[in-house]
Amino acid sequence: MSESPDLEFEYADTDKWAAELSELYSYTEGPEFALNRKCFEEEFRAHVSDKKWTELDAAQHRAHAMRLLDGLEVIAREKRLKVARAILYMAQGTFAECSSEVEVQHWMRYNIFLLLDVGTFSALVELLNMEIDNSAACSSAVRKPAISLADSTDLRVLLNIMYLMVETIQQDDPADRPEWKIIRETFRAELGSPLFNNEPISVMLFGMVTKFCSGHAPHFPMKKVLLLLWKSILFTLGGFEQLQTIKVRKREELGLPPLPEDSIRVIRSMRAASPPASASDLIEQQQKRARREHKVALIKQDNLDAFNEKDPYKADDSREDEDDNDDNDNSIETETFPLERDEVMPPPIPHPPSERVSFPKGLPWAPKVREKDIENFLESSRSKFIGYTLGSDTDTVVGLPRPIHESIKTLKQHKYVSIAEIQIAKEEEFQKTPLSGGEEEVEMCATELLYQGILPSLPQYMIALLKILLAAAPTSKAKTDSINILADVLPEEMPTTVLQSMKLGVDVNRHKEIIVKAISAILLLLLKHFKLNHIYQFEYMAQHLVFANCIPLILKFFNQNIMSYIIAKNSISVLDFPYCVVHELPELTAESLVSMALNMDHFSPRCWWFLSQLPS
């Protein structure tokens with residue numbers, strides 16, 4: 001830990017809004033920004049005067065949004081895709097009329113709330129269901145030897161709009177209008193309710209994941225599906241702050257004492273955990289330590305010899321055993337010979353700061369003790385000192401020594417009753433008296449609705465997520481039976497120049513990082529929310545993750561140089577949205593890409609999620 005620098009990352013639910021927007025698009029999709037603008041302008045000029053979109057009033061904006069919404073219902077596929085691209089350009093902030101990234105984000109927010117208000121999201125869900133059930137596209141993709149970006153055009157446009165809407169609306173801005181706040185809460189409730197094809201939107205997206213992994217729809221743009229799934233779960237269930245609020249409320253309802261601390265704030269203040277050292281690093285550190293200890297021992301011996309020569313009270317026939325050097329050194333330090341000591345003892349050797357390891361004085365969080373721990377401690381103590389036990393009695397301490405009394409007092413001071421223990425006790429009570437116990441009351445919250453929706457196919461969902469995570473692992477080797485997660489990043493024509501190859505290589509690595517980030521966020525959110533909703537829901541999901549070899553897969557990520565993986569910067573900042581649509585792009589060359597890679601930040605912004613879980 002002393003040799004590894006602290007890593008600067010923010011322990012939060014998501015990255016900054018601009019970063020989350022840019023990660024939706026691969027660099028291969030860059031030319032489509034201009035195509036979206038062209039489709040919008042053709043529709044706009046056909047029905048509106050020569051004014052710009054930003055110059056119209058609210059009534060005109062709403063009229064044109066309704067007109068585009070009607071265009072989504074046409075039968076002709078090409079016409080429908082053109083209208084969808086026009087809507088996507090609106091959701092992207094009509095960037096051609098903006099002069100800065102802040103202005104683009106302002107118009108994105110305005111346009112997206114407008115699109116949601118006129119009912120665009122429901123229409124997009126219906127179109128997405130049509131594309132999922134499009135057997136012709138699926139069979140065509142299965143027969144193709146190589147799938148490219150062009151095979152998922154319709155799906156990508158729809159998913160882009162839906163993701164931009166969910167990601168933008170979930171961002172709570174204090175400057176929002178009152179009606180926007182009402183729209184946000186209504187949308188949150190609808191997104192978590194079984195209103196879309198009698199199931200929450202997250203269940204439909206889980207279905208897309210399993211269909212992709214089964215090989216029946218290899219053209220699905222999986223990165224966009226996973227990002228939309230993640231943000232839908234985050235918006236409907238809530239993030240870390242909402243989890244803490246729900247936990248506090250539930251403890252109050254159950255009559256439990258308040259939490260000793262806010263675990264999220266504690267983790268945010270902790271230092272990032274250093275990665276485990278490799279075997280070669282450990283051997284090198286041991287050799288350095290041995291050389292340093294040998295050097296210090298020689299210095300001590302030299303100082304001792306010099307002191308003995310100067311000591312007038314030292315007897316000539318005194319003999320020192322070599323094994324007692326440390327004792328002699330200590331005895332010398334206890335005596336006072338200021339003149340001689342100043343002359344012969346050199347100043348202490350200053351150690352570099354990197355060699356000093358500062359250990360924390362205690363745990364950063366309050367210790368927690370279960371009732372069962374106190375019972376086990378008392379039972380073992382009674383068996384040892386008295387010879388009998390009293391079962392679950394934790395109050396009687398007669399006959400036990402005084403230190404045992406103090407230990408029990410300390411344990412009881414840190415006693416913690418979790419919500420899970422109460423839930424388990426209630427379940428056991430219902431099993432004992434199924435008839436007289438009455439009907440169990442289940443709060444139909446967003447978490448419960450989602451669990452009921454994914455319960456029938458939960459094992460398949462977990463296996464599918466882990467399959468994609470395995471394919472995106474940096475140490476994974478290409479196999480014939482592995483799934484292709486690069487269908488929505490590979491262009492129709494493979495690169496022919498060094499610059500194109502370098503750009504595609506960065507794009508592929510970036511693509512994998514974003515997929516890892518999305519899947520790890522989905523799994524962590526579901527585990528945390530299910531554990532708080534009911535402990536058995538958490539255990540059922542965790543059980544199937546273990547059955548699907550989740551633990552070896554996680555270890556696979558650590559089977560590499562972790563610092564190199566974290567520090568790697570797989571992005572080209574000038575190509576990120578919305579920078580690329582507002583500023584004039586410089587001419588990219590192979591040399592400029594290399595120089596940009598050297599001047600990047602210390603670690604990849606997409607690693608923030610993976611890093612943030614290391615301390616916990």
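**Entry 1: helix H10**

I looked up which residues of H10 are buried (under 20% relative accessible area, with exposed over 50% and partly exposed in between, using a 1.4 Å probe and protein chains only): Ile201, Ser202, Val203, Met204, Leu205, Phe206, Met208, Val209, Phe212 and Cys213. The model is predicted, so local features need pLDDT of at least 70 and side-chain atom pairs count only at pLDDT 80 or more, while totals for chains, interfaces and linings use all residues. I number residues from 1 along each chain as its sequence is written, and side-chain values use heavy atoms, with hydrogens and water left out.

H10 is mostly covered, with ten of its 13 residues buried. Helices here are DSSP runs of H or I with at least four residues, numbered from the N terminus. H10 covers residues 201-213 and reaches 19 Å from its first C-alpha to its last, close to the 18 Å expected. The expected span is 1.5 Å times one less than the number of residues. Just after H10, I found Gly215 with a positive phi of about 90°.

**Entry 2: salt bridges**

How many salt bridges does the structure hold? I noted 26. A salt bridge is a side-chain nitrogen of Lys or Arg within 4 Å of a carboxyl oxygen of Asp or Glu.

I looked up Lys224 and Glu29, whose side chains meet in a salt bridge at 2.9 Å, N to O. This pair links distant parts of the chain, 195 residues apart: Lys224 is in helix H11 (residues 222-237), and Glu29 is in the loop between helix H1 (17-22) and helix H2 (32-47). Is Lys224 buried or exposed? Lys224 is buried, because its relative accessible area is 1%. Glu29 also counts as buried, because its relative accessibility is 2%.

Next I took Glu32 and Arg156, which form a salt bridge with the closest N and O atoms 2.9 Å apart. Glu32 is in helix H2 and Arg156 in helix H8 (residues 153-170), 124 residues apart. Both Glu32 and Arg156 are buried.

Then I took Arg62 and Asp117, where the closest N and O atoms of the salt bridge are 2.8 Å apart. Arg62 is in helix H3 (residues 58-71) and Asp117 in helix H5 (residues 101-117), 55 residues apart. Arg62 is partly exposed, at 36% relative accessible area. Asp117 is partly exposed too, at 41%.

I also noted a network of salt bridges that links Glu20, Glu23, Glu167, Lys231 and Lys517.

**Entry 3: a nonpolar patch**

Which residues form the nonpolar patch on the surface? I listed Val546, Phe547, Ile551, Ile554, Leu555 and Phe558, with about 580 Å² of accessible area together. Such a patch joins nonpolar side chains (Val, Leu, Ile, Met, Phe, Trp, Tyr) within 5 Å, from residues with over 30% relative accessible area and no salt bridge. The areas come from the Shrake-Rupley method with a 1.4 Å probe.

Helix H23 (535-547) and helix H24 (550-558) each supply at least two residues of the patch. H24 gives the most, with four. Val546 lies in helix H23 and is partly exposed, at 46% relative accessible area.

**Entry 4: confidence**

I looked up pLDDT, the predictor's confidence in each residue, from 0 to 100. The protein chain averages 79, and 80% of the residues score at least 70. Over residues 310-360 the pLDDT is below 50, and this stretch has 26 contacts beyond near neighbours in sequence. A contact means heavy atoms within 4.5 Å. Residues 601-616 also have a pLDDT below 50, with 58 such contacts. Where pLDDT is low, the predicted coordinates should not be read in detail.

How values were computed. Patches are made of residues with over 30% relative accessible area and no salt bridge: like charges are joined within 9 Å, nonpolar side chains (Val, Leu, Ile, Met, Phe, Trp, Tyr) within 5 Å.
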